[in-house]
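Dear colleague,

I am passing on a structure that you have not worked with before. Please open it alongside this message, and then read on for what was found in it.

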Amino acid sequence: MVHERGCRRRDRTLFGTAPATLTPTPVHDLGLLLLRLVVGLSMAAHGTMKLFGWFGGPGLDATGKGFTMAGYPAGEAMAVMSSLSETLGGLGLALGLLTPLAGAALIGVFINILDVRGLSAYFPPKGVELETVLFASVVALTLTGPGRFSADHVLPVLRESRARHALLAVGVGVVAGFVVFFLRD
């Protein structure tokens, strides 16, 4: 830019150019749909394994005992809370319904999953690579939003202030996850 003296004035934007407005394409929205369905339905199925014993899962009693053995107080209550968070958060993510809230529920769960599993190894057999990838996917979907092929797309309040809701959801998920984390012996 040139001002009245003929000197070049510095552009005050971060990288010297005005920010580009990104317009999502149908392919972008299709990619988000695929990611939401795979991650969301995987988490929902995992939650129902704990909650109802579906898909060969342990069921609520065994899950409650597992929480107690992992040092959580009130293992059965923790099992219900975790199972419902995974099931409802996963379904919300898959449908793109209240995505920030679904993301917050799953973020809190993943903080505790990573704590229980430990961070001593990344790769199998005792690593957390799968949990880390799923956690990153949940955070990414919470931040980016579900795309046009979602229930949230028809909810104006979630379309209008996407960034604020996304950042708030990540913050709530982290705080909730650490509150539960600090309850553990």
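The axes of α4 and α7 come within 7 Å of each other and cross at roughly 35 degrees, where axes are lines fitted to C-alpha atoms, for helices over the stretch in contact, and angles run from 0 to 180 degrees between N-to-C directions. Helices here are DSSP runs of H or I with at least four residues, numbered from the N terminus. The crossing of α4 and α7 is right-handed, a term used if the near helix is turned clockwise from the far one by less than a right angle. On the α4 side the contact (heavy atoms within 4.5 Å) involves P100, A104, I107, G108, I111, N112 and D115, while the residues of α7 that take part include R162, H165, F178 and F181. Sorted by class, the residues of this contact are 11 nonpolar, five polar and two charged; Ala, Val, Leu, Ile, Met, Phe, Trp, Tyr, Cys and Pro count as nonpolar, Asp, Glu, Lys and Arg as charged, and the others, Gly among them, as polar.

Before going further, please note that this is a predicted model, in which local features need pLDDT of at least 70 and side-chain atom pairs count only at pLDDT 80 or more, whereas totals for chains, interfaces and linings use all residues. Residues are numbered from 1 along each chain as its sequence is written, and side-chain values use heavy atoms, with hydrogens and water left out.

The largest pocket holds about 660 Å³ of space. A pocket is an open set of points on a 1 Å grid over the protein atoms alone, where a 1.4 Å probe fits, with protein on both sides within 12 Å along at least five of seven lines, and its lining residues have an atom within 4 Å of a point; grid points are joined across faces, edges and corners, and the volume is the space filled by probe spheres set on the points. Its lining has 33 residues, with K50, S82, E86, V109 and I113 nearest the centre, and α4 gives the most, with nine residues. By class, this lining has 19 nonpolar, 10 polar and four charged residues.

Two details of the backbone lie in loops. P124 and P125 are joined by a cis peptide bond with omega of about 15 degrees, and P125 belongs to the loop between α4 and α5. A74, in the loop between α2 and α3, is a residue other than glycine with a positive phi, near 50 degrees.

With best wishes
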